[in-house]
Amino acid sequence: AIDEDRKAKYKAAVKIQRWFRACRVRAYLRHLSQMVILIQKRWRGYVRRKQFKEIVERAYFIKKLKFYNEMAVRIQKIWRGYYVRKYVHNFYALKKYLEAVSVNNEFVRSELEVYAEMKEDEEKMKDLEKKEKEKKYRARKTHYLLSTEQIPGIYNSPLRKSPDPRELLLRKSKPLTHRKQEKSPFADELYSWPTCKEPPAFVTSLPLLPADRQKPQGPFRHPAEVLRQRYKPMEPTLRVRESMNSPPAKATDTTRGEEWRNPIHVKEFLPFSSHHKNDEKYEPSLCKSGKYGQEAYGTKYFREVYPKKWIADKDFETLFSSIALFEKFGKTYSSTGQIV
């Protein structure tokens, strides 16, 4: 019983110690956590106060800088306004300049009024002169209405005491004469073409135009250049001389004879079939056929040369030399009349 009591007391003492030690450790840990929180709070407050102090100093510096800039701008504004008003845009100098401009404007306006009156007087004088000329021209044109010794005119009525002023004007003026129009010889030559009085011929030398003839207004060429182009002599072509006895020439002669003998309207009606072509045989072209069949276009010269078969020592001569013609290539009149 004593041993059991001792064991029970021992277990109770261990339990009490365990609970006490746990309470003591928990209290210590609670104290440590509180101290840690307190230290962190104090440190973080110190760091934040330091940062806030830097922010306040920076904001204060920026505010001072802005205030300094505003004061500098205000001082510069006042100084520049004073400088411009005093030296650049001087009020008194500008006032004096405007007064001078107004005086000058009044002088120019008076001069312009005088000039306008003078121009108006000139226009009136021109109108009067023009009317006088028209009156004189009408009087010369209607000179036949002048009264004679036997017959009074329409402006000299016997019922009037004095003749009309137009009658006096008719007496002073001379009758209007008509000029005869002179025809140029070149126009007679041109008008003789439709009547076929003379055979047409190419003009070798251009006729001289009248001296008083003016050039028409506009983008026109000179009349001499137009006539030179119209009556220029014939130029040679690149065609080659061909003999009259050659097969192509004979063939053209036969076809012309057949066309003249058998006109198109005399030919009798043929049906829409090829039965009438069965008698005709196909003859290949000499330029497109060879010994072994048809040759491509341009693979061989169209005019082959055989020096061994020549009768004479000279080659076939052309009608005109081709060098001079190729030199004139492109030298024709364009749409604007200029030589290209």
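Modeller: Rings of Phe, Tyr and Trp (its six-membered ring) count as a pair if their centres lie within 6.5 Å; planes under 30 degrees apart are stacked, over 60 edge-to-face, and the rest tilted. By that rule, ring pairs join W79, Y82, Y83 and Y87 into a cluster. Keep in mind that this is a predicted model, where local features need pLDDT of at least 70 and side-chain atom pairs count only at pLDDT 80 or more. Side-chain values use heavy atoms, with hydrogens and water left out.

Colleague: How many aromatic pairs turn up in the whole structure?

Modeller: The search finds five.

Colleague: Why is the pair W43 and Y46 called tilted?

Modeller: The ring centres of W43 and Y46 are 5.7 Å apart and the planes sit at 40 degrees, so the pair is tilted. Both residues lie in helix 1 (residues 2–88; helices are DSSP runs of H or I, at least four residues). They're three residues apart, about one turn of the helix.

Colleague: And what makes W79 and Y83 a tilted pair?

Modeller: Their centres are 6.2 Å apart with planes at 35 degrees, so this pair is tilted. W79 and Y83 are four residues apart in helix 1, about one helical turn.

Colleague: Is W43 buried or exposed?

Modeller: Exposed: its relative accessible area is 54%, and the cut-offs are under 20% for buried, over 50% for exposed, partly exposed in between (1.4 Å probe, protein chains only).

Colleague: Why does Y83 count as partly exposed?

Modeller: Because its relative accessibility is 41%. Y46 is partly exposed too, at 43%.

Notes:
Residues numbered from 1 in each chain as written. Helix = DSSP H or I, 4+ residues; strand = E, 2+ residues; numbered from the N terminus.
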